[in-house]
Amino acid sequence: MRDVAIIGIGQTQVDEHWELGLCQLALQALQAAMADAGVEWVDALYVGNMLSGELTGQEHLGALIADFAGLRGIEALRLEAAGASGAAALRMGYLAVGGGWADIALVVGVEKMTDAAPPDAEAALMAGADADHEAAHGLSFAALNALLMRRYMHQFGYQAQDFGGFPINAHANAMNNPCAMFHIPLKLESYARARMIAPPVNLMDSAAIGDGAAAAVLVPTEWAQRFSQPVVRIAASAVGTDSVALHDRRDPLLLEGVALSARRAYEQVGIAPDEIDFFELYDSFSITAAMSLEAAGFCQLGMGARMALDGEITLQGRLPISTMGGLKGRGNPGGATGVYQIVEAVQQLRGQAGPNQVPDARWGMTQSIGGSGGTAITHILERVNS
Amino acid sequence: MNDEQPRLLKPDRDVGVVGYGAYVPRFRLPASEVDRIWTDGQGGTPITEKAVPGLDEDVVTISIEAARNALARAAAVDPADIRAVWVGSESHPYAVKPTSTVVAEAIGAIPHTQAADWQFACKAGSEAFQAAVGFVGSGMGGYALAIGADTAQGRPGDALEYTAGAGGAAYLLGPAGQALAIFEGSYSFVTDTPDFWRRAYQHYPSHGGRFTGQPAYFRHSSAAAQGLMQAMGTTPEDYAYAVFHQPNLKFPSSVARRLGFTNQQCAPGLLVGEIGNTYAGSSLLGLTAVLDQARPGERILLVSFGSGAGSDAISLRVTEAIEARRDRAPATRDYIARRSEIDYATYARYRRKLVMQ
Amino acid sequence: MSVPNTWRLQQQRYRLMGEVCDRCKTKIFPPRDVCPECEAPAKTQFALSGRGEVYSYSTVYNAPAGFEDATPYTVALVRLEEGPLVTAQLTDVSAEEVEIGMPVEMVTRRLRADGAEGIISYGYKFRPVQFSPAI
């Protein structure tokens, strides 16, 4: 297995891109990543996408985007794992380059959410849950997470307002990310006043969906120094799974898939959670962020919300999370999100995070969750000093 | 008129009601709400309030709950031994596709069973009951389930909108030895009398106004009741309870009085004031309310009426077994007491009178 | 809604027909053919009682397509007395009456209708235990 590095990144702003289709979005991101890397050709393209078939009637994205991008003929595949689709594409690129099957792999995550009306988008997202036993009963993702949040509050003694630290931190960090969907600071008073979308989940607990694409170029680390950008290597790539349906979990408040993927990632690198300098976690909902912190080993069960209350998750805290805005501040473009997380982690490790720079960051961890926790994909990236 | 001597409809074998169950949705629309919207409160109200089904209720769901209650009161009857599942209604959710198969599937009576939907306006349930008596009485099958249920619709502003309610009752007919009430005999009286109808593809029924009274409801109800009592040699005094079809408060009270029944005999089974006219469920729900309180040995007269028109009169005698088994399922009064009042706007939404697309 | 799929799920949806593990006797719902506790084959049918309690709940205001005409509606995770957790709507109750631990019972209701012309799907929902028949 060859060591693999990321030498190019690109992203569009997460937004309502009314004038851009799926292919144009992907093209913008992948061209930016190839330009950043300084490459004009790649051996393989891996597309992370969750909902193109559901939302726009278009599947077969590997060949489609390869052709659209002027890369006709190369190996090209689309990967799907609900909200972890982008991370799955990155892992595929990592395996291809690491295994010697490709020397330069291009990974792009893309999602075109706004072509569908909101109820249709809501129904499409539920395709990542259990269709027969959750979606068929009218559950939305907000409702699934509300079930978790209500139980979590009940079991660990929190109030709904205690979760405000997550979106407040995300919005604060998104202020300095030009690619973020929102540039609106959030105050605790506004959080407390936000309308309920599925109590106790309010509008500010839920990451908005948007259109977007992000891309990364992967090469063997031993070649990475030849390219212009500071080198960031993929130190770990690990998948964990759990039941797709919440009700099939051994304990719904334990994200076992997250725990498995995080533990596997730590083992691959040989480091402990406290050595991670920042964590791009999957804050699609405030409760997901709290539970991810616990499952990934940053605190005890029931203490995830406490980390936000205590300010430990800010850029100045013990474990900065969502450093460029996270899903809440940057926006959540479905299957593209996992690649955005990677792009943002690379920005941090290269020292290109501007005012949001985490000082001397060496280890950055990203984590995407598919559905309500059925799939979790964790990557640990390391800054390589030249 | 046919002056032939009435002859009982009764099988050779003794059969009876082995289990019975009621269901009434929880929502109530006060008649004063309909009056407020359509007559500015000047029209008067024929009943107090009517039961309205929730958005997730229909004749299938009403029938299922009533059937489960009936099975709960039956002594250890295996649902697989039910050889017929019959649902009478004028508001089957499908125009084509049986309600009865869904009910049979839900209670575990499939697949070795007969199933059918019955239709005869408000007496679709009592005729299923009567046929089930014959089915079991002939020895064709050990048990047959007969259900009458409706989620009746009245045209907005029409007299029927005040009363068109929702509810249903289920009866498991079986061997007399296991019965809570023995079937003593029945008699039916039917003519072609167009007092109320709904043409195919129409949402709301039409009716003949005052023509629904004497030539329809009164003539058929009286003839069926009198025919049964004549054939059985009984008189109103022989019955502890009498239950008539109840489209409003006036009709059943009036027919009972004309036949010689007292208010005391009729009151326990007269539910229309509180839940409205539940159509195929109407007289059958009156009967469940009576069975909820009847004592062993007491006789009950049931007289249904279905527009079009006809009446089935049925005589039952309560057995000792009722005391131990009636509390195994909710009483009719439990459902009536479970009420959640709604306004006309909510009613219009629940009954899908708002055009969504 | 797929007609064959809706048909295939009738037993579990209409009357909570689950499974029991032949080896460790774990009661399973929804049916999944392999015991989640001991991984043994578990295809023996077992009807759950339908009694349980609310494990958690919420209210859907922004419904996915197909459920828009039912909003707001209450959803819950229900812990059945035999052990399994099940996701379902609550019915015959207003949201403010619901609390964690509330005893509930299964009823069969309309889950959704496929427009005005398509099939109607029926299935389990739960409501507060409202009567206490002396069984």
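## Where the chains and domains meet

Across the interface of chain A and chain C there is 1 salt bridge by the rule used here (a side-chain nitrogen of Lys or Arg within 4 Å of a carboxyl oxygen of Asp or Glu). The partners are Arg32(C) and Asp248(A), whose side chains come to 3.3 Å, N to O.

Before going on, a word on the model and its bookkeeping. This is a predicted model, so local features need pLDDT of at least 70 and side-chain atom pairs count only at pLDDT 80 or more, while totals for chains, interfaces and linings use all residues. Residues are numbered from 1 along each chain as its sequence is written, chains are lettered from A and ligands numbered from 1 in the order in which they are written, and side-chain values use heavy atoms, leaving out hydrogens and water.

As for confidence, the predictor gives the complex an ipTM of 0.97 and a pTM of 0.96. Chain C averages a pLDDT of 94, with 97% of its residues scoring at least 70 (pLDDT is the predictor's confidence in each residue, from 0 to 100).

### Chain A against chain C

There are 2 pairs of chains in contact, and chains A and C share the most contacts (contact means heavy atoms within 4.5 Å). Chain A and chain B, on the other hand, do not touch: their nearest C-alpha atoms are 12 Å apart.

In the A and C pairing, 32 residues of chain A meet 33 residues of chain C. The trio of His137(A), Leu147(A) and His247(A) gives 24% of the area that chain A buries against chain C, more than any other three residues. Buried area here is the accessible area (1.4 Å probe) that two parts lose on being put together, summed over both.

Polar contacts join in too, with 15 residue pairs across this interface, both residues at pLDDT 80 or more. (A polar contact is a pair of N or O atoms within 3.5 Å; within protein, one must be able to donate a hydrogen and the other to accept it, and residues adjacent in sequence count only if both atoms are side-chain atoms.) On the chain A side, helix H5 (118-125), helix H6 (141-156) and strand S5 (196-198) each supply at least two of the residues that touch chain C. H6(A) gives the largest share, 7 residues. Helices (H or I, at least four residues) and strands (E, at least two) are DSSP runs, numbered from the N terminus. Sorted by class, this side of chain A has 15 nonpolar, 7 polar and 10 charged residues. Ala, Val, Leu, Ile, Met, Phe, Trp, Tyr, Cys and Pro count as nonpolar, Asp, Glu, Lys and Arg as charged, and the others, Gly among them, as polar.

### Inside chain A

Chain A splits into domain 1 (4-116 + 209-231) and domain 2 (118-205 + 236-384), with bounds from an automatic or database domain assignment. Taken over C-alpha atoms, the two domain centres are 22 Å apart. Where they meet, 47 residues of domain 1 contact 44 residues of domain 2. Ile9(A), Gln11(A) and Val14(A) supply 19% of what domain 1 buries against domain 2, more than any other three residues.

The count between these domains is 1 salt bridge. Arg350(A) and Asp36(A) form a salt bridge, with their closest N and O atoms 2.9 Å apart. On the domain 1 side, the elements that supply at least two residues each include strand S1 (4-11) and helix H4 (85-98), and H4(A) leads with 7 residues, the largest share. That side has 26 nonpolar, 15 polar and 6 charged residues.

### Inside chain B

Chain B is divided into domain 1 (15-180 + 330-350) and domain 2 (182-324), their C-alpha centres 16 Å apart. Cys122(B), Gln130(B) and Leu180(B) give 16% of the area that domain 1 buries against domain 2, more than any other three residues.

Here the rule finds 3 salt bridges. Asp312(B) also forms a salt bridge with Lys123(B), at 3.1 Å between the closest N and O atoms. The polar contacts between the two domains come to 26 residue pairs.

### Buried areas together

| Parts | Buried area | On carbon and sulfur atoms |
|---|---|---|
| Chain A and chain C | about 2,800 Å² | 57% |
| Domain 1 and domain 2 of chain A | about 3,400 Å² | 67% |
| Domain 1 and domain 2 of chain B | about 4,000 Å² | 61% |
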